[in-house]
Amino acid sequence: MTTLHDDISDAGPGVGPGDVPLRRITFSVNGARTVAEVEPRLLLAHLLRRGLGLTGTHMGCDTTNCGACTVLVDGATVKSCTMLAVQADGHEITTVEGLATASELHPLQEGFKEAHGLQCGFCTPGMMLAAKALLDRNPDPTEEDVRWALSGNLCRCTGYQNIVKSVLWAAEKLGASSAGKTPDGGASSAGKTPDGGASSAGQTPDGGASSAGQTPDGGASSAGQTPDGGASSAGQTPDGGGEA
Amino acid sequence: MTQALDEIKIGGLGASRKRVEDNRFIRGKGNYLDDVVLPGMLHMEILRSPLAHARIKSIDTSRAWQIPGVHLVMTGEMMATRNLAWMPTLSYDTQAVLATDKVRFQGQEVACVIADDPYIAKDACEAIDVEYEALPVIVNPGQARAEGAPVIRDDKENQADNLIFTWEVGDAEGTERAFAQADVVSRLRLHYPRSHPSPIECCGSVADFNRATDKLTVYMTTQAPHIIRAAVALVAELPEHMIRIVSPDIGGGFGNKVPVYPGYVCSILASILLERPVKWIEDKSGNLISTGFARDIYLDGEMALRRDGKILAVRLRTESDHGAFFSDAQPSKFKIGLLHSAFACYDIPYAHLSNRGYYTNKAPGGVAYRCSFRVTEAMFFQERMMQAAAADLGMDQAEFRRINFVRDDDFPHRTPFGFLTDSGQYAACLDVGLQAVGYHDFLRQKEAAKARGRLLGIGISTMTEPLGAGNSREYDILGIKMFDSAEIRVHMTGKAMVRTGARGQGQGHETTWAQIVSHELGIPADDIVVEEGDTDTAPFGMGTYASRSTPVAGAAVAMAARKIRAKARRLAAHLLEVSEEDVEWELGRFYVRSAPGRGVTIQECAMAAYSNMPDGMEPGLQNQSFYDPPNLTWPFACYIVTVEVDPASGVWDVTNMVAVDDCGVRINPMIVEGQIMGGLTEAYAMANMQFITFDAEGNCVGSNYMDYLLPTAWETPGYELHSEVMTPCPHHPIGAKGVGECAAVGGPAAFVNAVMDAISDTGVRNIDMPLLPDRVWEALTYRRDVSGAPPVRSDE
């Protein structure tokens with residue numbers, strides 16, 4: 001399959017606006033081999049949304065903070081607003097449209113509905129993909145693991161408690177969770193930020209370093225704060241490029 | 001004899017029914033604004049002002065026009081030739097669409113470009129050369145009223161200064177007398193900072209003018225599509241019947257998507273000029289620096305107290321900062337919203353409030369961010385004042401609240417500011433909260449911890465707030481009365497469709513409206529589809545904000561269903577061959593009173609409406625209701641937070657959070673709890689980290705998510721919710737009250753009170769929100785109040 005990005009289709013084959021040569025890339029999206037000619041500056045999120053019509057990947061902030069555009073690249077979470085489409089060449093992309101099979105929802109999709117893990121639904125695709133990356137590497141997460149894994153994704157509606165429940169529901173459905181790990185939904189905040197280190201980093205308003213605390217995958221400052229070790233934060237930026 | 005229907009099983013009132021809208025959202029198949037793609041569609045980008053106050057000396061667009069793929073470059077001058085450079089606001093002011101004479105806040109819209117692709121449009125915006133002459137900048141009311149201050153709105157005739165309005169309410173003389181008799185006068189001054197609702201989805205529109213039909217269709221991120229249709233008719237001078245506003249799925253609103261923004265107007269004009277669809281999608285910085293802010297009000301209050309703890313009177317002097325254009329989205333009679341709903345849950349004989357509103361060089365504010373028109377400011381100040389007064393009296397803060405509560409048998413109760421509260425069990429809610437948090441145990445732990453140098457604190461916030469405007473006697477926006485509407489069609493097979501004038505943004509209307517119909521008619525909720533947001537098909541309504549959907553549109557759904565049931569009763573009598581008086585109703589079924597085994601279902605009545613109606617009866621089974629509520633609804637909430645403050649860093653952690661909400665009858669308890677948890681998180685955000693301010697040059701600090709911190713799953717505390725106390729609304733058809741914003745309104749004071757309690761030994765009276773670690777540290781270290789008012793200090 002060849003896909004020409006529709007935004008440059010008027011400009012004639014092979015050349016983008018300003019006579020910039022287009023780049024041909026080959027990658028897989030939700031298991032389907034895809035060829036596209038793209039402007040070098042085109043963001044992956046825009047290729048998915050406009051070029052391929054996969055509008056389940058949402059654009060929230062354009063700055064790698066909100067996580068609404070989270071997709072999986074070779075199984076690891078990437079904020080697709082901060083990855084160029086050309087960087088997808090040779091890689092496997094999974095979007096929300098790739099979660100369900102023709103006949104069956106993914107347990108995360110079921111979990112989000114069962115546990116009321118969404119309201120407006122805008123952050124939901126990114127949340128589910130971040131959660132999938134977690135469950136793929138850690139099938140038996142604690143509440144704390146889930147909260148950390150989702151801390152690069154913002155939700156304004158739910159307050160997260162039901163999102164955490166949704167993910168734990170899915171973990172259980174996937175048969176990975178042992179008895180006693182069922183989310184209780186109680187007031188379990190005490191001890192969630194064991195030494196206050198992570199939250200305090202996120203609370204300084206305009207210091208340059210502080211923003212890293214809000215996007216744990218974004219910088220060195222988050223390393224070591226990861227409950228399950230530094231591997232997860234590193235794993236979230238597979239190509240290391242473009243992260244703010 | 002047939003078995004009566006189980007209301008919970010059919011998804012009626014009280015069922016925690018799973019949401020129907022989730023089916024598309026979990027598949028990534030929602031239809032949000034940016035998902036709307038029309039043939040031949042062009043893309044628009046906006047050029048914004050980098051300066052907060054400056055005269056525009058020249059705008060040169062020639063380089064932008066040269067870029068291949070650019071179709072149109074618009075400036076204020078061009079808008080002015082079509083009388084569209086300015087538009088009316090929701091508060092009887094005017095607002096610039098594209099700046100002509102000068103820019104008045106950073107991020108103001110100066111020009112826009114329409115091109116084949118958004119990347120090209122952005123390139124072209126950067127190719128527009130604007131020459132500015134900087135002017136002195138005003139970022140707070142103190143600067144605005146200072147002698148010799150530059151007049152921001154020199155475009156307005158008779159505007160010699162920066163004062164927008166003065167407003168007062170209450171009994172000034174009675175309040176004065178009460179203060180003269182007080183044993184103790186308690187005083188508190190604070191700034192409720194600007195806050196941005198910041199839904200994850202930004203604003204946008206796709207305007208599609210069709211010259212062949214003269215019809216204008218606008219897909220738009222709006223919480224109130226019918227108000228927008230009226231506004232477009234007035235602003236663009238287009239006939240209202242030729243305007244169709246479609247509000248598709250909305251990625252969060254929280255009040256941010258109520259106003260009319262310049263981007264909408266520009267996309268509409270561009271589509272008319274180019275006769276092609278034009279899409280505008282705002283970026284996050286554009287959203288944060290230019291669209292509806294909330295709060296930004298300076299409150300100075302005094303409370304007259306008797307030694308035994310009885311409150312004799314309250315006096316409030318306030319100043320509000322509205323930004324460069326007075327575009328508050330609020331009922332027209334109330335210039336500073338419902339700020340005078342403060343202290344409504346307490347029995348206080350006298351009160352007086354005065355407010356002065358000012359223009360500043362900031363984006364226009366005053367939207368109701370998860371709030372009924374300044375109710376958040378009212379309840380925050382109320383509960384901060386209650387804590388300060390209890391401390392001044394040396395009384396227990398819970399007991400001080402209890403002895404001043406309006407008692408259960410005192411309803412209806414007229415507040416000193418004139419509201420009529422109608423129901424509640426305030427003390428019972430407080431008791432549930434105190435019990436759940438282990439109040440007295442915690443006080444002992446706190447003392448013990450103090451001995452070891454640890455700072456624990458507990459904060460209480462109790463409040464009743466007015467939700468669900470109107471009634472129409474008192475509440476209107478631009479003269480349009482604040483009622484709402486619903487239309488129900490029952491098809492011949494007994495399936496139904498509901499449309500309302502509201503527009504959900506995550507509240508689950510598609511699920512809950514069906515539950516109301518199910519409760520009233522016995523039709524299973526799964527047999528009912530709900531549609532909102534298209535002005536061509538939905539009945540006229542005022543939209544969804546201020547927690548008004550269930551109180552007003554939800555009531556309209558119930559009333560429309562009752563009209564349908566009344567007609568179905570006549571059909572049942574006809575089918576059963578008895579007189580109407582002999583027909584009884586149970587859920588889903590009419591039966592003969594003397595022979596309960598003889599009956600017909602609502603579905604059989606529906607079929608008869610199309611196939612076997614009695615002579616003289618109009619066919620069909622369809623009705624509508626325009627519902628004008630007799631009063632607001634008055635939910636009550638008690639929020640209690642415990643924290644530990646780290647004295648070395650000023651960081652505070654929430655150790656427990658208990659929420660007791662009495663919001664009347666809960667249609668879908670699962671959804672109600674979701675709303676409460678979302679509101680609590682926004683409360684935590686405002687109290688803890690959501691920081692947006694301005695420096696002395698009017699630069700917005702907090703113009704992106706790296707500076708404007710929203711809590712993630714990591715920081716957000718867990719919540720313990722309680723629903724033991726339930727007081728039905730006496731006037732709502734199904735006894736429901738509003739709930740969507742209670743937690744965001746009442747919550748912030750609970751968090752702040754907890755921190756202030758933890759550091760009470762310092763004698764510090766106030767730290768302005770957000771309670772950032774450096775502010776708490778400053779208060780602890782220097783034992784002084786900490787102001788957060790702009791301009792932000794240069795070392796911050």
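**Entry 1: overall dimensions of chain B.** I compared the radius of gyration of chain B with the value for a compact globule. For 796 residues such a globule would have a radius of gyration near 28 Å, and chain B has 28 Å, so the two agree. I note that the model is predicted. Along the principal axes, the C-alpha atoms of chain B fill a box of roughly 85 × 75 × 50 Å.

**Entry 2: burial and contacts in chain B.** I looked up the share of buried residues and found 63% of the 796 residues in chain B. I then took the contacts in chain B with a separation of 6 or more; 79% of these join residues 24 or more positions apart. For secondary structure, I recorded 19 helices and 34 strands in chain B.

**Entry 3: strand 14 of chain B.** I examined residues 278-281 of chain B, which form strand 14, and found both faces covered. Val278(B) and Trp280(B) lie on one side, Lys279(B) and Ile281(B) on the other, and all are buried. I next asked which strands pair with strand 14 of chain B. Strand 1 (residues 42-48) of chain B runs parallel to strand 14 and is joined to it by 3 bridges. Strand 11 (residues 204-210) of chain B pairs with strand 14 in the antiparallel sense, over 4 bridges.

**Entry 4: the domains of chain A.** I consulted the domain assignment of chain A, which gives domain 1 (2-98) and domain 2 (103-191). The contact between them takes 17 residues from domain 1 of chain A and 13 residues from domain 2 of chain A. On the domain 1 side, strand 4 (70-73) and strand 5 (76-79) of chain A each supply at least two residues. Strand 4 of chain A gives the most to this side, with 3 residues. I found 7 nonpolar and 10 polar residues on the side of domain 1 that touches domain 2, and no charged residues.

Notes:
Residues are numbered from 1 along each chain as its sequence is written. Chains are lettered from A and ligands numbered from 1 in the order in which they are written. This is a predicted model: local features need pLDDT of at least 70, side-chain atom pairs count only at pLDDT 80 or more; totals for chains, interfaces and linings use all residues. Domain bounds come from an automatic or database domain assignment. Two residues are in contact if their C-beta atoms, placed from the backbone, lie within 7 Å. Ala, Val, Leu, Ile, Met, Phe, Trp, Tyr, Cys and Pro count as nonpolar, Asp, Glu, Lys and Arg as charged, and the others, Gly among them, as polar. A residue is buried if 20 or more other C-beta atoms lie within 10 Å of its own, exposed if 12 or fewer, and partly exposed in between; C-beta atoms are placed from the backbone. Two strands pair if DSSP finds at least two bridges between them. The radius of gyration is taken over C-alpha atoms; the globule rule is 2.2 Å times the number of residues to the power 0.38.
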